[in-house]
Each structure stands twice: as C-alpha cells, then as structure tokens.
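Subject: Structure handover

Hi,

Here is the structure for you to pick up. My notes on what turned up follow below it.

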Amino acid sequence: MDKAADIAATAALLQIGAELGVDQTLDAGDVFGIDELARHTDLPTPGLKQYLTALVAAGLVVETGAAGHYRPADDYADRRYEAGYVSWSVGANYPFIEHARSFLADRDGAGRVHSRDGRRVAVSSRWVGERGFYQGVYEHVRASGARRITDLGAGAGRLLIKLLLEDPARTGVALDISGAACAAAKEAAVRAGVEDRLEVTERPIESLMDDISPVDGADAVQACFVMHDVVEDDTVFRKVLAGCREGLAPDGFMAVVDAVSYAPGRERKFSALFTYLHANFMDIRLPAEHEWLRKFDAAGFSSVTCVPQPMPGSRLFIAAK
C-alpha cells in the first residue's frame, strides 16, 4: 500500500509539471535554474519555487547546493516510468472515464463530443514507452545494423532520430498522418543535426497499400503502437504489410510493437484496461497474440517471432522478409 500511495502521488506531481510545461526540463535530467525555468514556462518564480519545494520534499528533485538550482533525483526516471501507468490510465483517458455512461449509450455520439487531450496522451505514453516498449524496438533495430530505417507513425521522430545519431551512415523516413507531428519531427531533426538524413512524410499508414515509396529499400520498418489503428480490417492490414514486405531490402525486417487482447497472468490487470478502453471507447479491437502472428504470415513474411515487452500486454513482432 505504501508503494501504491507513492506511485499515485508521483503521478499527480509529475502531471502537474506537465501542465506547467516543466516536464521536458525535468525529463532532460540536467541541472536547471529556477530563473531559467520561469523564462521557459512564462510563469512566476514564487509559484515555481513552491512546486519545486514539493518535488524536493517528495524526493523527485534535489537541490544542487547552488542557489536556485536543481536536478532530477537519481531514480527520477524509474519513478516517472511507474507514474506513467497512472497518468495514462486515469489522466489521459479521463474523458472516457468521466463520460462512461454516454459512451456506453452512444459511443459514436459521445466520441464526437468528448475527446482525449492529445498532449496528455503523448506525455503519459512517452513516460511508459521509453521503458515499456520503445526500448525493445530500438535495441533490435540498432543491433541489426540497419542503415535505412522507416518509422511508421513516427510522431515527433524521437526514436528514429536517436538511431540516426548513433550511426552517421544511417538514413531514415518518418511517416505520420499528423501535420503537427511532422512539423515537430522536422524541428527535432534540425536541432539534432540530422535533417539531411531524415525525410519526413505526412501520410497515413494506409497509403502504403498503393504507394510503397516510404519503405522502398528500407533495411528496417519500425512501428510503435500504430498498427492497431488498421489491424481490424484484414484486407487493409494485409495490403499494408504486403507493401512493407515488398519495399524491404532483401534481408530486411519489420519491428512492430503493439498490444494483444486481454493478456493473462501477471499482465492481466493493465491489459484488461487497455483492451477495454480501446474496444469500447476508441473502436479498436486488439487481436490476440496468435491472430497478430497469423496476419504477418498471411502477408507473406518468411518468419515471425514474438517477444513480450515490459508494458503488460505489449509484444514486439519481428517479421523477416
């Protein structure tokens, strides 16, 4: 119970930080000054001082000894990962929880009125994902020595840019349906100095059924929690996978991390919530593990392996051309 109280309190404190706009400063892990933070957030210093006092008292941030300067605690990343599950479950999905009766009575109508805050979804997903599922994709692609990588549903391109920074010979394509995400990816590429090696494409994943140019010649095609958006329509999903397979280099592979439906055992509680929310509030029905494997087989991949990931219910599928 002490652990539950700690995780809940940490989630609330860090979510307040995200709303204040200090989350990126904290997540960077570096020493920062309160005056710098005030300029960055355009918030009054006394209020920020009170917030940082609470973080210090909670053991999430420590004072450096220099007046007005702080740094995240050594276990900050661990505590943020734990808190991410609470922030995603309750914070990011609060419109679904608050209006559960409306969704149960008329899901489509409720969905048009009550939508999630995209930033809350992105922040909490990142807190969980950096350890819960992104790491598995990153490690496999990195170890493979892939030189050309396409990221489907790349968002702001964090994972792909990280891979490009590790090897100056790597090039990449970041594909996303969101114009805002694509703009953020372009800005991030410039800041990282990889803009000449990263092509950003604003397109839906379904477009690969007719035009495989974003994956053409790729050694690796990676996709993190985006394929479930198209998985329910067997025809569309098969054509998308077939397009990826056709475009891959001869020894290429797909690294797809996504969720399975109602995982059992130690995964059952979070997986039950994840499955239920997606099916009943987002109209996304997650396949069981064997159904995911069958879909890759049907698209013609020579072999498919499945590796459980730290986030309950998540799986990494490695499909070889």
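Are F133 and F225 buried or exposed? Both are buried. Bear in mind that this is a predicted model.

Aromatic pairs

The whole structure holds 18 aromatic pairs. In one of them, the ring centres of F133 and F225 are 4.4 Å apart, and the planes meet at 50 degrees, so this pair is tilted. F133 sits in the loop between α9 (118-132) and α10 (134-144), while F225 sits in the loop between β7 (220-224) and α13 (234-247); the pair therefore ties together parts 92 residues apart in sequence. Both residues belong to a cluster linked by ring pairs: Y81, Y85, W88, F133, Y134, F225, F270 and F274. As for charge over a ring, K162 lies over the face of Y138, 4.2 Å from the ring centre.

Salt bridges

The search of the whole structure gives 21 salt bridges. D23 and R119 form one of them, at 3.0 Å from N to O. D23 is in helix α2 (residues 23-28) and R119 in helix α9, so this bridge ties together parts 96 residues apart in sequence. D23 is buried at 3% relative accessibility. R119 is partly exposed at 39%.

R80 has two partners to look at. With D27, the closest N and O atoms are 3.1 Å apart. R80 is in helix α5 and D27 in helix α2, so that pair spans 53 residues in sequence. With E130, the N to O distance is 2.9 Å. E130 is in helix α9, so its bridge to R80 in α5 joins parts 50 residues apart in sequence. R80 is buried, at 8% relative accessible area. D27 is buried too, at 19%. E130 counts as partly exposed at 25%. Through shared partners, D23, D27, R80, R119, R126, E130 and R158 make up one network.

Surface patch

V86, V90, Y94 and I97 form a nonpolar patch on the surface. Together they have about 320 Å² of accessible area. Helices α5 (76-92) and α6 (94-98) each supply at least two of the patch residues. V90 is in α5. V90 is partly exposed, at 45% relative accessibility.

Cysteines

There are zero disulfides. C224 is in none, and its nearest cysteine sulfur, in C244, is 13 Å away. C224 is buried, at 9% relative accessibility. For C306, the closest cysteine sulfur is that of C224, at 15 Å, which is too far for a bond. C306 is partly exposed, at 22%.

Best wishes

Conventions: Residues numbered from 1 in each chain as written. Predicted model: local features only at pLDDT ≥ 70, side-chain atom pairs only at ≥ 80, totals over all residues. Heavy atoms only, no water. Phe/Tyr/Trp six-rings, centres within 6.5 Å; stacked < 30°, edge-to-face > 60°. Helix = DSSP H or I, 4+ residues; strand = E, 2+ residues; numbered from the N terminus. Buried < 20%, exposed > 50% of the residue type's maximum accessible area, 1.4 Å probe, protein only. Lys NZ or Arg CZ within 6 Å of the ring centre and 35° of its normal. Patch = residues over 30% accessible without salt bridge, like charges linked within 9 Å, V, L, I, M, F, W, Y side chains within 5 Å. Areas by Shrake-Rupley, 256 points an atom, 1.4 Å probe, with all protein chains shown as cover. Salt bridge = Lys/Arg side-chain N within 4 Å of Asp/Glu carboxyl O. Disulfide = S-S within 2.5 Å.
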